[in-house]
Amino acid sequence: MHLLFTLSLLFLSSFSSFSQNPKAKELYAQSIKLFGERKASEAIPFMEQAIKQDPTYSDAYIKLGQLYEFTKQFDPALNAYRAAVRIQPDSPASGAAYHALSNTLLRLGRYSEAIPYLEKYQAQFAPQSTQGKRVARQLETAHFGLEAIQHPQAVDPKPLSAVLQTTPSQYFPVLTADEQTLVFTALKPEGDEDLMTATFNGETWTPPVSLASSINTPENEGTPSLSADGRTLVFTACQGRKGYGSCDLYVSYKTGSDWSSPENLGPAINTHFYESQPALSADGRQIYFVSDRPGGKGHRDIWRSDLGSDGNWAEPVNLGEPINTTANEASPFLHANGQSLFFASEGHIGLGGYDLFVADHSASGWSAPTNLGYPINTAEDQASLFVAANGTRAYYSFEEQKDGVSQKSRLYTFDLPESLRDRIRSVSFLKGTVADAKTKKPLAATVELIDLKTNLVVSRVEADAQTGQYTAVLPSGGEYALYVSVPGYLFKSLSFDFTQKTKGEGLSLSVPLEPVAGGSSAHETLSNLFFDYGRYDLADKSLTELNRLAVFMKTNPTVNVEISGHTDDKGDAVANLTLSQKRAQAVVAYLTKAGIQSGRIKAIGYGKTRPLMPNTSEENRRLNRRIEWRVL
């Protein structure tokens, strides 16, 4: 519609008619009249006849080109524009012909043909003039596009599955971290947009179904975003709901198999301006979105907000440079690594229209965006991209064309090329269920991932209250502690050393939690306590675990615990017994210093006498070297 609207304005604009031939002028006027009555096809023969009457009628050539372009006849349109240029190639009067010709060639991705016309057109303007800058920008696009096509990315997009094609168009795909659940926007025959979902069963996708009757309405719902576990959904709705402006963002939460009634994200996120195209972080505690509210760099910019501990979204912050430009940005997507931001922009140099870019966040801010290259980007608009947590696959929608007209939009996937895979920090994910170790009842646990180097929480998710299911993202390149906790239960401590890990993969782990009331049978391993070989002084990265245990003791003031040290079978048994005792005492000493009464904690060393596993491998020995705690 944008192209047709632009052509309509150009066509109906006041152009001087340079013909002195009365018959040519009469035919020209008749053609203009027919186009004004939305009879473009009928208008073409009259404009052709006007040119036959006066072959030097440059304005008629331009109008004929616009008529052809309006009816999607691009080669005849280009021939008409070229004819207009040839009449007066060096005259400023040919500016409109150069403008139309170069615009059409760029829109068709015919960059090498566009460059000489743009260079000729550029010579008509002062370099610092508004028009001079605009043409210089088009030349940049043409050179960039030509270079990109000559050095294509190694991608081979394929339709995701014909099973998903139950409506005229599908677009904006998003998936869970395990790539098992897909949610996308579907355009129905009656023009209604709904959110659909499908599940991957290991071999193929199931037929899509409506996400939820509580979410989809006779009005439009679209541009979804999912948390990594698929249990928090944010989407856009523009009519039919009580909102703050033209388009607002709404959130829904999944418990078991049911989605909650959508709630408006509130006045911090939504305004009477346009808010759309949300992107949640993996844990659902950060959101990126597009808005044209005041305070941005251009018309539509990307903004970010964080979810506070009180459950409210903070005042959004504009991402600023180098992400946002004076033109439009669109469809942000934050990779599960929390660092790589994919987005569309018509302001950064690309192949024309909206292109897809990626930028990375670090302590020093955002990197300069990188164009994803051809054929991911083309002269057509690219809407959005979703990249899997493991950084190997990408999902997007592609508008299939016929004779220059978009027929339908389908979901496609491709393997990410090495050039992009190398820069995207992949992540693993841990999924499973949390349940009472005694009754097997599912538990609504809190699952927290903490960076042992910084002692900062990387992510925090909640297990499903009905099923106990959870999914937590595990970044590569670092050491992390994962804590699973429920009031009234001993917390589970897990350790992940990804300092040498670069490939993302999924892990499954069911977590049984011991109730505090379980007495002496309730015990857990403290997996994030670290000692140098043969020593008993605690390494600094043990502070996360020690502080977690101290908080547990303060939260449960009537609980007394035993801290026990264990070793493998290497070395002298007496020395091992002594070492295990001193390591347990080191933990007790820290807890005492942290304010826990010494009478509530007891240290004991068992040496090699209570192995978890047979000491038959180095991995088993590592598991046997441990500190445990149990309720007395």
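In what order do the four strands of the open sheet with mixed pairing stand? They run E31-E34-E32-E33. Keep in mind as you look around that this is a predicted model.

Let's stay with that sheet for a moment. Going from one strand to the next, the twist averages 20°. Now look at strand E32 (residues 561-566) and strand E34 (residues 626-631): they pair in the antiparallel sense, over six bridges. Helix H11 (residues 573-593) lies across E32, E33 and E34, and its direction makes an angle of about 165° with E33.

Next, go back towards the start of the chain, where some helices come in pairs. Two packed helices are described by the angle between their axes and the distance between the axes. Take helix H2 (residues 22-36) and helix H3 (residues 40-53): their axes are 8 Å apart and the packing angle is about 165°. An angle over 145 degrees counts as roughly antiparallel, and that makes H2 roughly antiparallel to H3. Their crossing is left-handed. On the H2 side, the residues in contact include Leu27, Tyr28, Ile32 and Phe35, while H3 brings Ala43, Phe46, Met47 and Ala50, among others. Sorted by class, this contact has 11 nonpolar, four polar and two charged residues.

Move along to helix H4 (residues 58-70) and helix H5 (residues 74-87). Here the axes are 8 Å apart, and the helices pack at an angle of about 165°. That makes H4 roughly antiparallel to H5. The crossing of H4 and H5 is left-handed. Among the residues that H4 puts into the contact are Tyr61, Ile62, Leu64 and Tyr68, and those from H5 include Phe74, Pro76, Tyr81 and Ile87.

One more pair is worth a look: helix H7 (residues 111-122) and helix H8 (residues 130-150). Their axes come within 9 Å and cross at roughly 160°. H7 and H8 are therefore roughly antiparallel to each other. The way H7 passes H8 is a left-handed crossing. You can trace the contact through residues such as Tyr111, Ile115, Leu118 and Tyr121 of H7, and through Val135, Leu139, Leu146 and Ile149, among others, of H8. By class, the contact of H7 with H8 holds 10 nonpolar, seven polar and two charged residues.

E2 runs antiparallel to strand E3 (residues 181-187), and five bridges join them. Within that pair, serine 169 stands opposite leucine 187 in E3.

Finally, let's follow strand E8 (residues 248-255) and its partners. Strand E7 (residues 232-237) pairs with E8 over six bridges in the antiparallel sense, with threonine 232 opposite tyrosine 253 in E8. E8 also runs antiparallel to strand E10 (residues 263-264), joined by two bridges, and here tyrosine 250 stands opposite asparagine 264. Strand E9 (residues 258-259) is an antiparallel partner of E8 as well, again through two bridges. Threonine 255 has aspartate 258 in E9 as its bridge partner. Two residues lie between the strands in the hairpin of E8 and E9, where glycine 256 takes a positive phi near 65°.

And where's the disulfide? The structure holds one, formed by cysteine 238 and cysteine 247, with their sulfur atoms 1.9 Å apart. The link is right-handed, with 105° about the S-S bond.

Terms used: Residues numbered from 1 in each chain as written. Predicted model: local features only at pLDDT ≥ 70, side-chain atom pairs only at ≥ 80, totals over all residues. Heavy atoms only, no water. Axes fitted to C-alpha atoms, helices over the stretch in contact; angles between N-to-C directions. Parallel < 35°, antiparallel > 145°, perpendicular 65-115°, else oblique. Left-handed = near helix turned anticlockwise from the far one by under 90°. Contact = heavy atoms within 4.5 Å. Pairing = 2+ DSSP bridges. Disulfide = S-S within 2.5 Å. Nonpolar A, V, L, I, M, F, W, Y, C, P; charged D, E, K, R; others polar.
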